[in-house]
Amino acid sequence: MTADPAGERSTRQKRAVSALLAETESFRSAQDLHAELRARGERVGLTTIYTQLRVLADAGVVDVVRAEDGETLYRRCRIEGHHHHLLCRSCGRTVEVEPPGLEAWTAAIGERAGFSDLTHVLEIVGTCADCRRAEIKPRPVTTDPSPASR
C-alpha cells in the first residue's frame, strides 16, 4: 500500500476522498463530499470521510473554514503554509489572503496577555463582486396579456 498525503496508509476510500478534494475548487462540507462520492458509486462511509478530513487538515493538506451557519467546510490547500481566506457567502468563492501585520499583531496580543504557543484562524466572509452584481440586476418584468389578468 502507498502512503497518502498525510503519511497514513492509503486505502481505496481515502484515495477517493483525496481525489474528489483535488478536483473540487470550492469549500464543501463532509456531507456534500459523501453525497458526491456515493453518486459516483464509491462506497465510503461518512465517518471515514470525517476521519480522513481531520487527518488531512492536521497534516495541512486541506483548508478548513466555518461557514456563517456554523458548518465546517473543507478544500484542498492551494497555498502551502499558514494563510487565511475571504469566503463568499453566496457562491463559496474563496481567495487566500495574508493581511499585512496580522501575524505580528497576534503575537503581540498573546505576549501582552501572557500566552505562548499561539495559533489562530481568520475567516473573512462577505459577498464577492460577481454575486453582488447578480443581486443588483433588475428583475425581468413580464406581463400577462390575458384578459383575466386585467
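Biologist: Does Thr 94 count as buried or exposed, and what is its relative accessible area?
Modeller: This is a predicted model, with residues numbered from 1 along each chain as its sequence is written. Local features need pLDDT of at least 70, side-chain atom pairs count only at pLDDT 80 or more, totals for chains, interfaces and linings use all residues, and side-chain values use heavy atoms, leaving out hydrogens and water. Buried means under 20% relative accessible area, exposed over 50%, and partly exposed in between, for a 1.4 Å probe and protein chains only. Thr 94, which has its place in strand E4 (residues 94–97), is therefore buried, its relative accessible area being 13%.

Biologist: Which residues does Thr 94 touch, not counting residues up to four places away in sequence?
Modeller: Contact means heavy atoms within 4.5 Å. With residues up to four places away in sequence not counted, Thr 94 touches Phe 27, Arg 75, His 85, Leu 86 and Leu 87.

Biologist: In what order do the elements of the protein run from the N terminus on?
Modeller: Helices (H or I, at least four residues) and strands (E, at least two) are DSSP runs, numbered from the N terminus. The protein has five helices and five strands, and from the N terminus on they run α-α-α-β-β-β-β-α-β-α.

Biologist: Among contacts between residues at least 6 apart in sequence, what percentage join residues at least 24 apart?
Modeller: As background on the whole protein, 31% of its 150 residues count as buried. Among contacts between residues at least 6 apart in sequence, the share that joins residues at least 24 apart is 44%.

Biologist: How are H1 and H2 oriented to each other?
Modeller: Axes are lines fitted to C-alpha atoms, for helices over the stretch in contact, and angles run from 0 to 180 degrees between N-to-C directions. Helix H1 (residues 12–23) packs against H2 at an angle of about 105°, with the axes 11 Å apart. Angles under 35 degrees count as roughly parallel, over 145 as roughly antiparallel, 65 to 115 as roughly perpendicular and the rest as oblique, so the orientation of H1 to H2 is roughly perpendicular.

Biologist: By class, which residues make up the contact of H1 with H2?
Modeller: Ala 16, Val 17, Leu 20 and Leu 21 in H1 meet Leu 33, Glu 36 and Leu 37 in H2. Ala, Val, Leu, Ile, Met, Phe, Trp, Tyr, Cys and Pro count as nonpolar, Asp, Glu, Lys and Arg as charged, and the others, Gly among them, as polar. By class, the residues here are six nonpolar, no polar and one charged.

Biologist: Which handedness does the crossing of H1 and H3 have?
Modeller: H1 and H3 pack at an angle of about 65° with their axes 10 Å apart, and they are therefore roughly perpendicular to each other. A crossing is left-handed if the near helix is turned anticlockwise from the far one by less than a right angle, and right-handed if clockwise. The crossing in which H1 passes H3 is right-handed.

Biologist: Which residues of H2 and H3 meet?
Modeller: Helix H2 (residues 30–39) and helix H3 (residues 46–58) pack at an angle of about 125° with their axes 10 Å apart, and are therefore oblique to each other. Their crossing is right-handed, and by class the contact has seven nonpolar, two polar and no charged residues. Ala 30, Gln 31, Leu 33, His 34 and Leu 37 in H2 meet, in H3, Leu 46, Ile 49, Tyr 50 and Leu 53.

Biologist: How many disulfides does the count come to?
Modeller: A disulfide is taken as a pair of cysteine sulfur atoms within 2.5 Å. The sulfur of Cys 88 has its closest cysteine sulfur in Cys 128, at 3.7 Å, which is too far for a bond. Cys 88 counts as buried at 5% relative accessibility, as does Cys 77 at 18%. The number of disulfides by this rule is zero.

Biologist: What is the phi of Asp 117?
Modeller: Asp 117 is found in the loop between helix H4 (102–112) and strand E5 (123–126), and it counts as exposed because its relative accessibility is 76%. Although Asp 117 is not a glycine, its phi is positive, at about 55°.
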